[in-house]
Each structure stands twice: as structure tokens, then as C-alpha cells.
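My notes follow in the order I looked things up.

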Amino acid sequence: MTEEKLNLPADAFDPLPKDEAQDNENIAGPSLSFAQNVWLRFKQRKAAVISAIIVILMIVVAFGSTPFINKSTLVKSHPQYANLPAKVPGMGAINGLNGKIKQNGKWVDAYAQNGVPKDKYFIAGTDYLGRSLGQRIIYGTKISLIVALVAAFFDLTIGVAYGIVSGWKGGGVDNVMQRIIEIISSVPNLVIVVLMLVVLKPGIGSIIIAIAISSWTTMARQVRAETLSLKNEEYVLAARSLGESSWKIAWKHLVPNLSSIIIIQTMYTIPTAIFFEAFLSFIGIGISAPETSLGVLLNEGQKNFQFLPYQMWYPAIVLCILMIAFNLLGDGLRDAFDPRGQR
Amino acid sequence: MARYLLKRIFYMILTLLIVATVTFFLMKLMPGSPYANEAKMTLTQRQIMDQQYGLNKPIWQQYLIYIAGMLHGDFGTSFQYSNQPVASLIGARLGASVQLGLQALILGVVLGVIAGAIAAMRQGTWVDSTATVISILGKSVPNFVLAVLLQYYIGLKLGWFPIAGWGQFSQTIMPTIALAVGPFAETARFIRTSMVDTLSSDYIELGKAKGLSRMEVIRKHAMRNSMIPLVTLIGPYAVALMTGSMVIENIFNVPGIGEQFVKSILTNDYPTIMGITMVYCIGLVVILLITDIVYGLIDPRIRLDESEA
């Protein structure tokens with residue numbers, strides 16, 4: 001087979017202008033660090049950004065309220081204001097937000113009925129002892145957030161440390177440590193929590209201890225698996241042969257490379273912990289009076305749900321928003337840290 | 001395989017023994033007394049009662065008696081219901097919980113697989129977004145909140161199903177729905193991710209190129225391969241259902257072990273608490289073992305013997 005020679009005249013080509021050709025080699029933007037990349041991807045997830053804002057707002061409101069809403073304001077009851085529905089200034093036209101409540105199919109002004117002064121407003125109504133539901137919800141949210149922070153703390157300390165040690169040491173140590181995790185995780189977490197609450201006095205302290213025992217196993221497993229593969233990376237080998245101590249390698253090389261797994265897993269532990277607390281308080285073995293939490297409020301609201309539905313709806317909505325926000329934030333962070341995983 | 005199984009079963013027994021030991025000693029630390037009217041009892045009465053329940057023996061003897069009894073399926077006598085053995089108390093209630101759990105598991109997984117598969121096939125459309133929103137809601141809304149809402153709006157207002165109780169099938173519907181939401185949301189998310197992955201693989205392209213119809217490709221190739229990893233979720237589902245049963249059974253007044261567990265905790269009924277804890281653990285450990293075996297069988301890439309690192 002003979003090759004046909006292609007005859008192209010020189011003027012068949014259009015030379016590009018010189019300056020444009022140079023542009024090809026030019027890198028338009030500065031190179032981005034890992035964190036900047038994550039931030040770029042995170043910003044694109046609208047739901048996650050909104051969730052982050054909601055979480056921050058809730059944290060600010062819940063903890064910022066401490067000077068105004070504390071244990072002593074929580075226990076003050078005003079029986080004359082009991083079971084008032086929500087009344088928001090300027091919402092006179094909307095039934096349900098104007099102090100009116102449905103009784104026998106008719107909307108009745110509960111505030112006038114109980115002789116409450118005209119200028120008294122309860123934005124989220126009151127409970128059966130006349131305590132402001134709004135204040136109680138904010139306090140309950142604070143408890144949920146405290147539980148969330150504690151769970152995250154144990155995840156980050158026990159979970160990460162356990163996982164790194166187990167993965168790094170390997171061999172017999174790893175084997176024993178993994179067996180321990182296996183044993184802890186073949187008991188349903190809730191059974192551990194419940195047993196701890198049975199032994200200790202119900203309250204925020206016992207819930208925290210219970211969470212400390214049970215919440216970190218998933219984190220430890222994930223960190224261990226990742227450590228096992230990181231351990232064989234060349235930069236770790238280099239650090240080892242240069243005589244770096246294990247501590248330094250763990251801190252300087254392993255933790256930064258584990259950071260995405262750690263952050264994502266923490267974000268998934270948080271809603272679980274919030275659910276635990278609400279669940280325990282709801283069935284009556286978690287936080288108890290005079291303290292309150294979203295679970296306690298739900299439990300109280302559920303008893304009166306037929307007649308005063310708002311007493312359950314408001315805490316339920318706040319709890320759901322909190323859970324949804326953390327879940328979406330977790331999803332957004334996962335996608336931002338690990339763009340390979342398709343959504 | 002046989003060696004692996006033996007090893008697993010050995011660890012299972014070890015786990016259960018440790019759990020039994022820890023629970024036993026925790027119960028001994030528990031505040032409060034098992035007797036409802038302790039203040040009114042005379043010393044003699046107490047001594048007789050203690051003797052009857054074996055509470056006058058040293059703790060280590062009580063422990064050995066307990067473990068020996070457990071091996072024979074004897075969990076002691078309930079403090080709450082006089083003279084009723086815990087084993088028969090649990091036995092009478094296990095059925096309701098298992099039925100509810102299985103119904104919820106089947107409903108949640110089947111609907112979840114369908115929703116996840118449809119979402120993956122229609123990736124990026126409104127169908128997909130709707131499925132995503134529903135699964136996020138299902139994951140975020142606590143099942144007990146949903147249960148109360150179902151009970152009030154569907155049970156009381158609409159009157160479609162009985163609001164509580166146990167005995168007829170219609171009474172199981174609302175608790176099943178409330179319990180199924182968690183597994184549903186998890187399955188839908190999982191299947192969607194897994195299907196999206198599978199749909200972009202070479203053998204799907206080959207199937208299409210061979211001229212298989214869309215449904216055939218989905219059913220024979222995409223679905224089967226996406227569903228294999230679902231087996232690994234059975235363990236977490238079992239945990240979620242056990243947890244859920246505690247509160248859902250309470251709300252709908254179902255005579256299951258979850259409801260009994262909460263009741264026993266509130267009445268300091270140690271033998272029942274220990275018994276139910278053991279039942280939960282045995283259930284979970286067995287489920288985890290079966291999951292591992294099944295996973296190894298249906299996915300030959302996973303070798304059980306090597307999985308022990």
C-alpha cells in the first residue's frame with residue numbers, strides 16, 4: 001500500500017496571533033489548596049450552606065440565651081398563664097399565632113379567656129404550668145447541642161486516637177483492640193445507653209457518659225481502616241526512616257490525611273446523638289424535671305396533643321430542623337471532601 | 001470457611017458472656033430496690049423474699065447461678081410480675097416484636113429499593129430530587145415523632161386504622177410504617193448511590209449494546225449488582241428496629257419486648273432488664289454472623305477467611 005501524499009498549500013493554514021498562543025501556557029488562577037477546593041465545592045451545595053447557617057444560628061441563639069434562660073427561670077410557673085397558645089405581636093389575623101385556639105370547632109381567644117394582660121405575648125405559647133414554651137424550646141435546643149458537642153468530642157478524641165493506635169500498631173494490639181470494638185458494637189448502642197442510665201442517675205451527666213461509651217466505635221473503625229492504608233504510603237515511610245517518633249507521624253502526617261474522614265464521620269455522629277437524647281427523654285429515662293430538653297417537651301406535648309397540638313408541634317419542628325440541618329451539612333461536607341463519590 | 005465460622009462463633013459466645021457479666025454487675029450497682037413497698041416490709045419478710053429470689057447469697061454465687069441458668073434458657077424470675085419466669089415473659093412478647101420488625105424491614109427495604117432505583121434511573125430530574133428530600137426527611141424526623149403524628153392524624157382524625165393495641169393486622173399497620181421509615185430512607189439513599197455507580201459500568205453498556213431492553217438491563221444487571229451491598233446494612237437495620245421498637249411499641253401499646261424493656265427499667269425489674277438485654281444481643285450477634293455468611297455466599301469476591309485482618 002502506497003501512502004498518498006497530502007499536498008496542502010501553506011496558505012491553507014491560518015496562523016494564530018502570537019499573543020494568544022502564549023496564553024495557552026498561562027495558568028489563569030492561582031493554584032488552590034485542599035481547603036480552598038473543599039470550600040469551593042461546599043459553597044455549591046446550597047442545602048448544605050443553608051444548613052450550616054441554620055446550625056450556627058441555633059448555636060448562637062441557644063448559647064446566647066444563657067443569661068436570660070436558665071434553670072431558675074425554667075422552673076418558675078405561672079398557673080394563670082397555663083396552656084396559652086402562641087401569640088406573636090402583629091400577627092392578629094392569623095389563627096394559631098394570635099392567641100386564639102380552637103375549642104369545639106370555634107376559634108376562641110385564650111388570652112382574653114384567662115385574663116392575661118393585653119401586652120403579654122408568648123411567641124410559642126405556654127405549657128401546662130404557664131411556662132413560656134419558647135424559652136423551654138431554646139433551653140432544650142441548648143441541651144441537644146451540648147449532647148451533640150459532647151458526642152463530637154468523644155468521636156474526635158477516643159474514636160480517632162483508638163483508630164490510629166489500632167491501625168498503626170497492627171498485629172496483636174490491633175487484633176485485641178478490634179475484638180473490643182466488636183464486642184461493644186454487638187450490643188445495640190441504645191442498650192448500653194439505657195443500662196448506663198439505669199445505673200447512674202438520669203440526667204445530662206449520665207447521657208454524656210453513655211454516649212462516651214458507645215458513640216466512638218464507628219469513628220474508630222473508619223480511622224483504623226484508613227490508617228492501615230496510609231501507613232504504607234511513601235511519605236510515612238520517609239518520615240519513619242528519618243527517625244520521626246510515632247507521635248509526630250500520627251500528628252503531622254496521619255491526622256491531616258485523615259481529616260476528611262474524621263470531619264464527615266463527626267457530622268454523622270451528631271444527629272445520632274441528638275436523636276439518642278430526645279429518644280431517652282421521650283420515653284422518660286433521660287433528662288427529667290426540673291431540667292428540660294426537646295425530648296421532654298415532646299413527651300409533655302404528646303400527652304395533650306389532641307387539644308393543644310402546638311405543644312408538641314413546636315418542639316417537634318425544632319428537633320426536625322436540627323436533625324435535617326446536621327444531616328444535610330454532613331452530606332454537603334462529604335461531597336465537598338470527597339468529590340469522587342457521586343451524589 | 002469452617003475455621004472462620006468456628007472462630008466467629010467462639011467470639012460470639014465470648015461477646016455474649018462479657019455482655020452477660022457486665023450487665024449482671026451493673027444491675028447489682030443499680031440504685032433502688034426491687035421491692036415496691038420496701039419501707040412497709042418487716043425484716044423477716046425481706047429475708048424470706050431475698051431467699052426466694054436468691055438475693056441473700058454472695059454476689060459471685062448469684063453470678064454463677066445466673067450464668068448457669070442462662071445456659072439452660074433460664075433468665076430468673078421477674079420482680080415485677082410475681083413468680084413469672086423472665087424467659088416465658090420474653091417468649092410471650094417476642095412474637096409481636098419480631099413480627100413488627102420483619103414487617104417494617106420488608107416494607108422499608110422494598111419501598112426503599114424501588115425509590116432508590118427510580119431516583120437513580122431518573123438522575124437529576126424532579127423525581128430524583130423528590131426521592132432525595134423524602135429520604136433526608138425520613139432520616140431526620142425521629143420515628144417517635146412520626147408515630148405520634150400518625151396516631152393522631154391517621155388513627156384518630158381520619159380513623160383509617162385502630163390507634164393502638166395488638167391482635168388484628170390493621171393494628172400493626174401504623175407501627176410498621178413508623179418503624180419502616182428509617183430503613184426506607186437508608187435503603188433509598190444507599191440503592192441510589194449504588195445504582196448510579198452500577199449504571200455507569202461497562203457491563204451495563206454491554207447489555208445495552210446487545211440490544212437488551214431498558215427494563216431487562218435494569219432488572220437483570222443493574223438491580224442485582226446494586227443490591228448485593230445492601231446485605232451489609234441488615235445489621236444496622238436490626239439495631240435501628242430494636243431501638244425503635246422500644247418507643248414505637250410504647251406509643252401504640254404493642255405487647256412486645258421493647259415495651260417490656262422500658263417498663264422494666266422504670267420498675268427496676270433487674271432480671272427482666274438483663275434477660276431482654278441478652279435477647280437483643282443474641283439477636284444482633286446472630287444477625288451479624290448470618291449477614292457475613294450470606295455476603296460471602298452471594299458475592300464470591302469476598303473471601304471470609306481473608307476478611308480477618
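**Helix packing notes**

I began with a pair of helices from two chains: α12(A) and α10(B) cross in the left-handed sense (the near helix is turned anticlockwise from the far one by less than a right angle; clockwise would be right-handed). Helices here are DSSP runs (H or I, at least four residues; strands are E, at least two), numbered from the N terminus.

Before going on, I noted that this is a predicted model, where local features need pLDDT of at least 70, side-chain atom pairs count only at pLDDT 80 or more, and totals for chains, interfaces and linings use all residues. Residues are numbered from 1 along each chain as its sequence is written, with chains lettered from A and ligands numbered from 1 in the order in which they are written.

Back to the pair: the axes of α12(A) and α10(B), residues 234–251, come within 11 Å and cross at roughly 35° (axes are lines fitted to C-alpha atoms, for helices over the stretch in contact, with angles from 0 to 180 degrees between N-to-C directions). Which residues meet there? I found F279(A), F282(A) and I283(A) on the α12(A) side, and M246(B), V247(B) and N250(B) on the α10(B) side. Contact means C-beta atoms, placed from the backbone, within 7 Å.

**The core**

Next I looked up the largest nonpolar core, which has 141 residues (buried Ala, Val, Leu, Ile, Met, Phe, Trp, Tyr and Cys joined through C-beta atoms within 7 Å). Its largest share, 17 residues, comes from α12(A), residues 246–283. F279(A) and A178(B) are among the residues with the most contacts inside this core. Leaving out residues up to four places away in sequence, A178(B) touches N143(B), L146(B), A147(B), L150(B) and I248(B).

**A covered helix**

I checked α13(A), residues 294–303, and nine of its ten residues are buried (20 or more other C-beta atoms within 10 Å of its own; 12 or fewer is exposed, in between is partly exposed, with C-beta atoms placed from the backbone). The cover includes α6, α12 and α14 of chain A, together with α6 of chain B.

**Chain B overall**

I count twelve helices and zero strands in chain B. Its C-alpha atoms fill a box of roughly 85 × 60 × 30 Å along the principal axes. Of its 309 residues, 37% are buried.

Last, I checked α4(B), residues 86–121: at 1.5 Å a residue its 36 residues should span 52 Å, and the end C-alpha atoms are 50 Å apart, which agrees (expected span is 1.5 Å times one less than the number of residues). I also noted a kink of about 35° in α4(B), centred on R93(B) (the bend is the angle between axes fitted to the seven residues ending there and the seven starting there).

Terms used
Two residues are in contact if their C-beta atoms, placed from the backbone, lie within 7 Å.
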